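Student: Could you take me through one part of this model in detail? I'd like a close look at the surroundings of the ligand, and then whatever else you can say about the packing.

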Amino acid sequence: MPASGQPPLVDPFGRSIRYLRVSVTDRCDFRCVYCMAEEMTFLPKAEVLSLEELERLCGAFIQTGVRKLRLTGGEPLVRRGIMDLIRRLGRHLDTGSLDELTLTTNGSQLAKYAAELYAAGVRRVNVSLDTLDPDRFQAITRWGKLAPVLDGIKAAKEAGLSVKINCVALRGVNDGEVHDLVAWCGREGHDLTFIEVMPLGDMDSGDAGGTNQGGTVRADQYWPLSMLRAELAKRWTLTDLPISTGGPARYARVAETGGRVGFITPMTHNFCESCNRVRLTCTGMLYMCLGQDDAADLRAVMRGAPGDDDTLLAAIKEAIARKPKGHDFIIDRRQKAPAVSRHMSVTGG
Ligand code: SAM
Ligand code: SF4
């Protein structure tokens with residue numbers, strides 16, 4: 001039972017909603033090729049939830065039984081005042097009403113914030129790192145530099161945070177490096193999760209709503225993880241681990257390093273049946289499924305009835321009751337438009 005005494009929210013397919021991902025900003029200091037266009041038009045400030053609104057919404061979800069919060073973006077650590085929000089959310093860990101507060105970051109600001117994150121109650125971070133080669137890193141992120149990210153990962157480890165590396169599998173880009181990544185993560189003690197590139201948003205237009213026609217870039221980059229895993233098996237002994245969380249990753253133990261490698265395969269493996277999560281954008285839109293367009297406008301509810309918690313809780317419950325059974329992503333060269341028009345930086349991955 002959540003600390004509020006209320007039973008958890010259960011969707012129409014019997015899934016208890018325990019996990020909220022919150023995008024705290026659509027902005028980022030990188031421009032990863034699979035995530036954003038180089039020229040992006042970001043949201044006007046008035047449309048983005050204030051830190052107070054984000055705190056209030058997270059508090060409401062915790063009241064409905066959410067036990068895990070993950071902050072993401074855009075890049076969460078570039079939002080001004082983000083540490084204040086994280087500290088305030090961390091208090092729910094102290095009261096026992098939240099089990100975990102974590103974030104997904106590109107690592108560029110981690111050296112600066114690692115110790116403060118730990119002090120606020122964060123114990124794990126996911127850091128996105130697709131390559132260990134400085135030139136390739138710059139080519140993928142366009143604006144990023146590898147060295148500060150590696151420094152950030154080191155600082156996180158020194159601060160006591162456990163680090164999971166997220167790596168997007170990109171055919172013809174980092175496919176020659178997967179063994180090095182497994183070896184490096186094994187040495188450093190980081191779990192490593194490979195992610196299939198997903199058809200979200202349009203890389204040719206900088207409109208975060210993404211209305212242009214695109215998609216061929218991702219068809220070229222798409223490397224099924226079944227193939228990646230077959231490549232890994234040439235050098236590493238992988239033993240499947242039992243499915244533990246409601247998350248989309250499937251894990252295997254690497255005998256030679258003792259580390260874990262995860263595979264997130266939205267394209268080839270449908271993980272929807274165990275999905276326990278919902279996603280909130282930085283404008284307060286609640287997406288019940290990463291792969292569907294249906295959303296509830298919680299900003300309108302909050303701004304329309306300031307301070308009225310009952311109305312907000314009722315809107316959240318009504319939205320969860322609409323959580324769909326699953327998604328249907330397709331990457332297909334013949335299909336020119338992405339399956340979902342939002343960029344990943346809008347729903348936060
Ligand atoms: N900026 C942070 C970061 O990069 O970790 C958090 C936000 S980012 C949108 C979250 C995750 O989504 C990253 O691991 C990123 O690699 C992944 N991602 C972005 N676009 C993607 C796409 N089209 N397909 C698969 N993963 C994607
Ligand atoms: Fe920024 Fe993360 Fe998107 Fe890269 S994947 S552009 S770091 S939000």
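Tutor: Let's settle one term before we start: a residue is called buried when its relative accessible area is under 20%, exposed when that figure is over 50%, and partly exposed in between. Also keep in mind that this is a predicted model.

Now for the ligand. The shell around ligand 1 has 18 residues, and Tyr34, Gly74, Glu75, Ser128 and Met198 are the closest. Nitrogen atoms of the ligand turn up in several polar pairs. For tyrosine 34, a backbone N or O atom sits 3.1 Å from a ligand nitrogen. Glycine 74 also uses its backbone, with a polar atom there 3.0 Å from a nitrogen of ligand 1. With glutamate 75 we move to the side chain, where a polar atom is 3.2 Å from a ligand nitrogen. How much of the ligand's area does the protein bury? On its own, ligand 1 exposes 550 Å², and 95% of that is buried by the protein. As for secondary structure, strand E3 (100-105), strand E5 (162-169) and strand E6 (191-196) are the elements that each give two or more residues to the shell.

Searching the whole structure turns up two aromatic pairs. One of them joins phenylalanine 30 and phenylalanine 137 in an edge-to-face arrangement, with 5.9 Å between the ring centres and 90° between the planes. Phenylalanine 30 belongs to the loop between strand E1 (19-23) and helix H1 (51-63), whereas phenylalanine 137 is in helix H4 (residues 134-141), so this pair ties together parts 107 residues apart in sequence. Here's where our definition comes in: phenylalanine 30 counts as buried because its relative accessible area is 6%, which is under 20%. Phenylalanine 137 is buried too, at 3%.

What about the cysteines? Cysteine 28 has 17% relative accessibility, so it counts as buried, and cysteine 282 is buried at 3%. The disulfide count for the model is zero.

Last stop, helix H2 (residues 82-94), which contains aspartate 84. Is aspartate 84 buried, exposed or partly exposed? Its relative accessible area is 36%, so aspartate 84 is partly exposed. The aspartate 84 side chain makes a polar contact with the side chain of arginine 87, at 3.1 Å. Glutamate 52 is 32 residues from aspartate 84 in sequence, and their C-alpha atoms are 9.9 Å apart in space.

Key
Residues numbered from 1 in each chain as written. Chains lettered and ligands numbered in written order. Predicted model: local features only at pLDDT ≥ 70, side-chain atom pairs only at ≥ 80, totals over all residues. Heavy atoms only, no water. Near = heavy atom within 4 Å. Polar contact = N/O pair within 3.5 Å; in protein donor to acceptor, adjacent residues only side chain to side chain. Areas by Shrake-Rupley, 256 points an atom, 1.4 Å probe, with all protein chains shown as cover. Helix = DSSP H or I, 4+ residues; strand = E, 2+ residues; numbered from the N terminus. Disulfide = S-S within 2.5 Å. Buried < 20%, exposed > 50% of the residue type's maximum accessible area, 1.4 Å probe, protein only. Phe/Tyr/Trp six-rings, centres within 6.5 Å; stacked < 30°, edge-to-face > 60°.
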